[in-house]
Amino acid sequence: MRTHSALSRFNGYIGFATIAIVAFGVVVFETLRALAETERSKSTYAALADAPEKAREKKNPFEGDTQAVAAGGKLFEQHCADCHGKKAGGTRKGPSLLREEVQQANPGTLLWILTNGVVRRGMPVWSKLPEPERWQIVTYLQSLSAHSVKPDPH
Amino acid sequence: MVARVVSEPVRWEFPGLIFSALISLLLFCCSSFAQESPYIVTYNHYLEEPGSLEVEYFSTFGTQRGDNDFHAFWTEFEYGATAWWTTEFYVDGQTTFHDSTVFTGFRFENRFRLLQREHLVNPVLYVEYEQISGADKILKEIEGHDGEADFADSNAALRKEHKHELELKLLLSSTFKGWNVAVNPIVTKNLLPSEPWEFAYAIGASRPLALKASPNRCNFCSENFVAGVEMYGGLGDMQSPGLHSTSHYLAPTVAWNLPSDWTLRLSSGFGLNDNSHRLLLRWGLSREFSGFGEIVRGLFGGRP
């Protein structure tokens, strides 16, 4: 009898602990989801404003270099197109790079974004590409124009 | 008369279909050009791109004084869960010549980027659980007082030892003017209480042969090659730390990143002291599949 009673009490504890764990899990999950939603609702291009002054002032060594545009286009296709679209018009994974915010940004700002990524929003750091290659990508991006290239239909 | 009921063998068509679909995805879909480092043992701070799966096969041929040479091999499935977290699963085995081929265990590792942006030194935390046998010879990490003599036995004898280990590394890495320098201090704990913490290190330096891309797609352009050198070895254990009775290797290494999305790595490791294997010849082939996570999610009814 005592054994049965102890067993019932034990089962009660287990049940209570399970409910507590599930409730805790739901609270944590919902909190994380709310935080992620808040993060998403911030402007997609806000990270451009994070570039420090020194980085913004950097000059593109390949400015106006058509060879660099071609090389940058190749690099973009290899490393960036999967998220930003083949024509840089954006996909579900990454924003359009044809928008004014990007096209009007300083070359140094774009290089800084490429180098540092936007890790919290899913863009990895690209400093594994040597700096001249990153400049080639910037040169390519700035050769694009919202008027001449239509966004991808993603 | 007793009726005999012969049960039909269970037919696993559904998992078979999923497996075929996954293999098809791997072969024909969503490949992505990878810019991989040439390191085989050392890690730098670059993680897998989010949603990408990298499948890697590696081989190590090792010489063994006083016993048979061996060929150890492992396959890695590396997935970019987020831009700051990469998770990886390994299975490994080995063939000891004139002996046998054995499965030697699995490993599950996670790497976490600790800082959001690039800094002069970028730290990444590496946590690995491994369940391997004593016959494991991939020599991915040389720890504690590991040495060549540990392997001078038959596979049957070596397999009797089972290890459940936790391995922690701090991956410190820096990239400047095309050069990458990575330093990995390592601590390992066999989960048996009687076993001490063991220490090890791996360091590496590498650089692409060209820092500027050519305008055309090419296989043999120097920008596709990254050359480097690694050095790795044990640093003793908690009871007897230091360099005595440890083994160390120096390994020039090269990676060839092909525009067809494959990466080939070659490395020849030379033992630096009498406790080391004289030669560890390694090669690896890998392919990265971008968008893999989304496609798999779509297959199972999730939002692609």
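Q: Where in chain B is Leu139(B)?
A: In this predicted model, Leu139(B) lies in the loop of chain B that runs between strand 5 (122–133) and helix 2 (155–158).

Q: And is Leu139(B) buried or exposed there?
A: Leu139(B) counts as buried, because 23 C-beta neighbours fall inside 10 Å and the cut-off for buried is 20 or more.

Q: What about the phi of Leu139(B)?
A: The phi of Leu139(B) is positive, at about 50 degrees, although the residue is not a glycine. As background, most residues other than glycine have a negative phi.

Q: OK, Ser245(B) next: what is its phi, and where is it found?
A: Ser245(B), also not a glycine, has a positive phi of about 55 degrees, and it is found in the chain B loop between strand 9 (225–237) and strand 10 (248–257). Ser245(B) is partly exposed, because 15 other C-beta atoms lie within 10 Å, a count between the limits of 12 for exposed and 20 for buried.

Q: Switching to a strand: which one holds Gly80(B)?
A: Gly80(B) belongs to strand 2 of chain B, residues 70–82, and it counts as buried because it has 25 C-beta neighbours inside 10 Å.

Q: Which residues does Gly80(B) touch, leaving out those up to four places away in sequence?
A: Gly80(B) touches Leu47(B), Glu48(B), Glu49(B), Pro50(B), Gly51(B), Ser52(B) and Thr86(B). For Glu49(B), the C-alpha to C-alpha distance from Gly80(B) is 5.2 Å, while the two are 31 residues apart in sequence.

Q: Stepping back, how many helices and strands does chain B have?
A: Chain B has three helices and 12 strands, and 38% of its 304 residues count as buried. Of the chain B contacts with a separation of 6 or more, 62% are between residues 24 or more positions apart.

Q: How many residues does each chain put into the contact between A and B?
A: Chain B supplies 25 residues and chain A supplies 24 residues; on the chain B side, 10 are nonpolar, nine polar and six charged.

Q: Over in chain A, how do helix 6 and helix 7 cross?
A: The axes of helix 6 (residues 107–116) and helix 7 (residues 131–143) of chain A come within 9 Å and cross at roughly 125 degrees, which means that helix 6 is oblique to helix 7. The crossing of these two chain A helices is right-handed.

Q: Which residues meet there?
A: From helix 6 of chain A, Pro107(A), Leu110(A), Leu111(A), Leu114(A) and Thr115(A) meet Arg134(A), Trp135(A), Ile137(A), Val138(A), Leu141(A) and Gln142(A) of helix 7. The residues of this contact divide into eight nonpolar, two polar and one charged.

Key:
Residues are numbered from 1 along each chain as its sequence is written. Chains are lettered from A and ligands numbered from 1 in the order in which they are written. This is a predicted model: local features need pLDDT of at least 70, side-chain atom pairs count only at pLDDT 80 or more; totals for chains, interfaces and linings use all residues. Helices (H or I, at least four residues) and strands (E, at least two) are DSSP runs, numbered from the N terminus. Two residues are in contact if their C-beta atoms, placed from the backbone, lie within 7 Å. Ala, Val, Leu, Ile, Met, Phe, Trp, Tyr, Cys and Pro count as nonpolar, Asp, Glu, Lys and Arg as charged, and the others, Gly among them, as polar. Axes are lines fitted to C-alpha atoms, for helices over the stretch in contact, and angles run from 0 to 180 degrees between N-to-C directions. Angles under 35 degrees count as roughly parallel, over 145 as roughly antiparallel, 65 to 115 as roughly perpendicular and the rest as oblique. A crossing is left-handed if the near helix is turned anticlockwise from the far one by less than a right angle, and right-handed if clockwise.
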